[in-house]
Amino acid sequence: IPDDYKPAEKALAGKTILITGASDGIGRSAALSFAAHGATVVLLARNVEKLEKVYDEIEAAGGPQPAAIPFDLSQDAEEPFIALADVIEDQLGRLDGLLLNASILGQRRAIEQSAWNDWRDVLQLNVNSQFLMAKSLMPLLRQAPSASVVFTSSGVGRTGKAYWGAYAVSKFATEGMMQVLASETENTSDIRVNCINPGATNTAMRRAAYPAEEPDTNPSPDAIMRSYLYLMDDVSGERSGCSFNAQ
Ligand code: NDP
């Protein structure tokens with residue numbers, strides 16, 4: 001991210017951006033931050049109550065009216081994802097940004113001790129749902145004048161680490177999917193595809209992974225939003241196929 005990047009007040013005005021995992025943690029902060037910079041945000045997660053809270057916060061702050069779509073990304077079928085893309089096209093008419101942020105940690109055990117069900121659940125959500133989201137929404141993203149797809153990686157998606165099992169493998173796959181999609185769109189100057197590794201951030205996921213850690217030692221999700229804004233802002237138009245660190 002350029003050192004001098006400072007998002008303009010309404011840097012994302014006119015854009016419609018879908019955020020997965022918008023009910024909590026980093027996705028929630030991204031939704032609030034994109035809306036504060038003028039974007040119409042589409043909030044996607046399972047927990048309706050938490051989605052409504054984020055929705056209300058955006059409205060109370062005077063942001064563009066958001067949309068909230070309760071949706072379980074772990075569904076093992078393509079149809080719900082196609083239907084989701086149809087709803088977005090019908091009700092919002094466009095999509096300029098897609099932040100694929102939702103994921104689960106799963107068990108942290110040696111591969112030898114890992115449960116098959118858990119392995120499959122982590123890969124289903126963290127990898128397969130990203131494929132289904134990207135696949136079903138690409139036609140809409142292609143129509144946007146300048147579209148940005150952002151995947152979410154992790155340090156253990158770049159160097160494997162004992163006991164991080166399916167989660168680490170899913171993040172390597174995420175980096176790979178980003179590179180494949182970026183390569184497929186490299187001659188399409190109006191779509192960029194990148195990855196962000198948020199780094200240790202004070203969320204429910206981090207607290208679950210490191211129960212003995214003092215939560216305040218890590219930045220809040222709000223404190224790491226600069227790179228998320230940069231990748232959704234058209235000033236990053238030339239960047240594609242890159243993996244960024246938010247910290
Ligand atoms: P949280 O666990 O705090 O939030 C996860 C979000 O994903 C929630 O909004 C949750 O909503 C949603 N989600 C989970 N399961 C599903 C599902 N089946 N369908 C739809 N939505 C779902 O995670 P973080 O904010 O910490 O993490 C965000 C991203 O950043 C993840 O990809 C994570 O791997 C990555 N990351 C985080 C780090 C950290 O230190 N926090 C470090 C490195 C990477 P709901 O329960 O309502 O469905």
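Ala, Val, Leu, Ile, Met, Phe, Trp, Tyr, Cys and Pro count here as nonpolar, Asp, Glu, Lys and Arg as charged, and the others, Gly among them, as polar. This is a predicted model, in which local features need pLDDT of at least 70 and side-chain atom pairs count only at pLDDT 80 or more, while totals for chains, interfaces and linings use all residues. Residues are numbered from 1 along each chain as its sequence is written.

Around the ligand there are 27 residues, of which Gly-21, Gly-25, Arg-46, Asn-47 and Thr-203 come nearest; a residue is near a molecule if its C-beta atom, placed from the backbone, lies within 6 Å of it. Helix H1 (25–36) and helix H6 (204–209) are the elements that give two or more residues to this shell, helices being DSSP runs (H or I) of at least four residues, numbered from the N terminus.

The table sets out how two groups of residues divide.

| Group | Nonpolar | Polar | Charged |
|---|---|---|---|
| Shell around the ligand | ten nonpolar residues | twelve polar residues | five charged residues |
| Contact of H3 with H4 | nine nonpolar residues | one polar residue | one charged residue |

Ile-17, not counting residues up to four places away in sequence, touches several residues, including Leu-12, Phe-34, Val-41 and Met-232.

Methods. Contact = placed C-beta atoms within 7 Å.
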